[in-house]
Amino acid sequence: MERSILIADDERLIRDGIKARLEYLELMPEALYEAENAEQAMEILGEHPVDIVITDIRMAEMDGLSFIQQVKPLYPNIQFIILSGYAEFEYAEQAIQLGVKAYLLKPISNDSLKKAVEEAVVKLDELESLKRTVSEGNRSIEEKKRLLFDKSVNDLLRTDSPLWQRENAKLVYQKFPVQNRWIMVTLINIDVESYEQGSFGYRDIELVKFSIRNVFSELPSLCEKIIVSNLANMNQLFAFISYSNESQLRVEAEKLFTSLSNHMGRKLKISLTFGISSALPEISAEGNKEAQEALLQRIIHGKSNLYFYDDIRILSADQFPSSELHMLFQYIERRDAGNIEFLINDIFSDESIRRYNASYIRIIWARIINILLNVANPVFTNDPKNMEKLILNFDIFDTFQSMDDLRSYLYMLVLDCIQVNADIDVNARNKIKMGIKYIRDHYNRDIAINELAEKFAISPNYFSTIFKKETGQTTVNFIKELRIKKACEYLVSSDKSISDISNEVGYEDSQYFFRVFKKATGLTPLEYRRTYRKQ
């Protein structure tokens, strides 16, 4: 029997007798527990699920009726069968009031015990059936509420009348308040590749949308967010995010939808493309039109990307590097480090940045991150810290001092993503190459080995080893040589003081600079200036 029974009686012989009868009557439960008093019975109920309790009406310390009174509020579905002698029959009425399923007089007959247990099981089945019916009814009510809400949102997106004239606006904004906030309307398109290449078919569309809804609701964000079905296109969903700060809303959108794309792509092989409106003061037909127009860019620039309405002007420009991005994707797939570096430098050339402005950087950066999410080595992406680097975070831009810094960082990120065991030395040499360039650009700053190693994701000892192998010098000597060379140029070509030159090349202590310079050249700074100016 797929039920559990607890026998509570202070006489062992009685407990053994009931067990024997249950076995004889083929009523042995899935789990059978015993207690010799009410206190022990309470402990068992607290540790194990029990369906039926067979208890003596008289037990030491607490009688069976008092025991039932304590248990009923805690476990209302438990079915009780009371064992009683003729002397206690007067308690039968009280037992019935407590909802006891059966009141069996001793000595117990097999028929009465069998009937009592079977009736208890029937009652349990009825309770569970009722619970399922209520639960399904609640789910049905919730589903109807969700469909009504989805319809109200869809109506808002297709109505041009003023907000105050729309009856459905109140329902929507009760659930998604937007007062003094900016809103972005997003169309999420489930790309056809999801059905052709993944484990889902077109018949699974509702399951796919259910998965997207669940993941979206769980993703952390500073924004308020909701997601509903696009009732005009079964292959799409609408997502809405709102925030008080207009510029920060874009940043949050980039993080949120990149995370959603990554989760669905890597775990379920679902490819998503996003069309995102500008920041608007309300949910409106205008937002829907902007999201639709942004999503159309996928026809030109490819699927599985984020497209912002605000970026259409740049995306539509003749000089937008679509072919270069396609080539970069191929080079990243082939692990071609040299051509990857060349294309990153070309795509993020100073000329391109001047032509378009910072918005260009955001768009191209997002495209490259999306490429990496698709081709990154699992060894890299299985580390949550590494995945944080791939989720769009434009705060990193604040750490760059120049476009060279940006290009170097992105190149290193690409190499980290695609590395395999056999590529470690190759990637390390490329990182040292970038490290040398970084030192040349920042030689006059206080540069530590640990800082360089961390910047290029190599251990300090390994960085030092590969650096010396590639340059023939230690990092310290390399930096010192650059500083002395630059100081020599200043001494010959300018009238700056020795103290100023010392600071220019990275030495705050001019006396220390004096000693280092003389040791390196054999001359004091003034002697070097007099000697080489004459020449």
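Q: In what order do the strands β1 to β5 stand, and is their pairing parallel or antiparallel?
A: Strands of a sheet pair through backbone hydrogen bonds, either parallel or antiparallel. This model is predicted. Here 5 strands make an open sheet, ordered β2-β1-β3-β4-β5. Their pairing is parallel.

Q: Which strands stand at the edges of this sheet?
A: Read the two ends of the order. They are β2 (31–35) and β5 (102–105). Each has a single partner strand, so one side of each lacks a neighbour in the sheet. From one strand to the next, the twist averages 15°.

Q: How many bridges join β3 to β4?
A: There are 5 bridges between β3 (residues 52–56) and β4 (residues 79–84). The two strands run parallel. For a residue to look up, take T55: it stands opposite I82 in β4.

Q: Which strands does helix α1 touch, and what angle does its direction make with that of β2?
A: Look for contacts, then compare directions. Helix α1 (residues 12–24) packs on the sheet and touches β1 (4–8), β2, β3 and β4. Its direction makes about 165° with that of β2. Helix α3 (residues 64–74) also packs on the sheet, touching β3 and β4. The direction of α3 makes about 175° with that of β4.

Q: What is the order of the strands β6 to β10, and what is their pairing?
A: These 5 strands form an open sheet in the order β7-β8-β6-β9-β10. The pairing is mixed. The twist averages 20° from one strand to the next.

Q: Do β6 and β9 run parallel or antiparallel, and how many bridges join them?
A: They run antiparallel. Strand β6 (residues 182–190) and strand β9 (residues 272–276) are joined by 5 bridges. I190 stands opposite L272 in β9.

Q: Which strands does helix α8 touch?
A: Helix α8 (residues 205–218) packs on this sheet, touching β6, β7, β8 (236–243) and β9. Its direction makes about 175° with that of β7.

Q: Why is L296 called partly exposed?
A: Check its relative accessible area. The value for L296 is 48%. Exposed means over 50% and buried means under 20%, so a value in between counts as partly exposed.

Technical notes. Residues numbered from 1 in each chain as written. Predicted model: local features only at pLDDT ≥ 70, side-chain atom pairs only at ≥ 80, totals over all residues. Heavy atoms only, no water. Buried < 20%, exposed > 50% of the residue type's maximum accessible area, 1.4 Å probe, protein only. Pairing = 2+ DSSP bridges. Helix = DSSP H or I, 4+ residues; strand = E, 2+ residues; numbered from the N terminus. Axes fitted to C-alpha atoms, helices over the stretch in contact; angles between N-to-C directions. Contact = heavy atoms within 4.5 Å.
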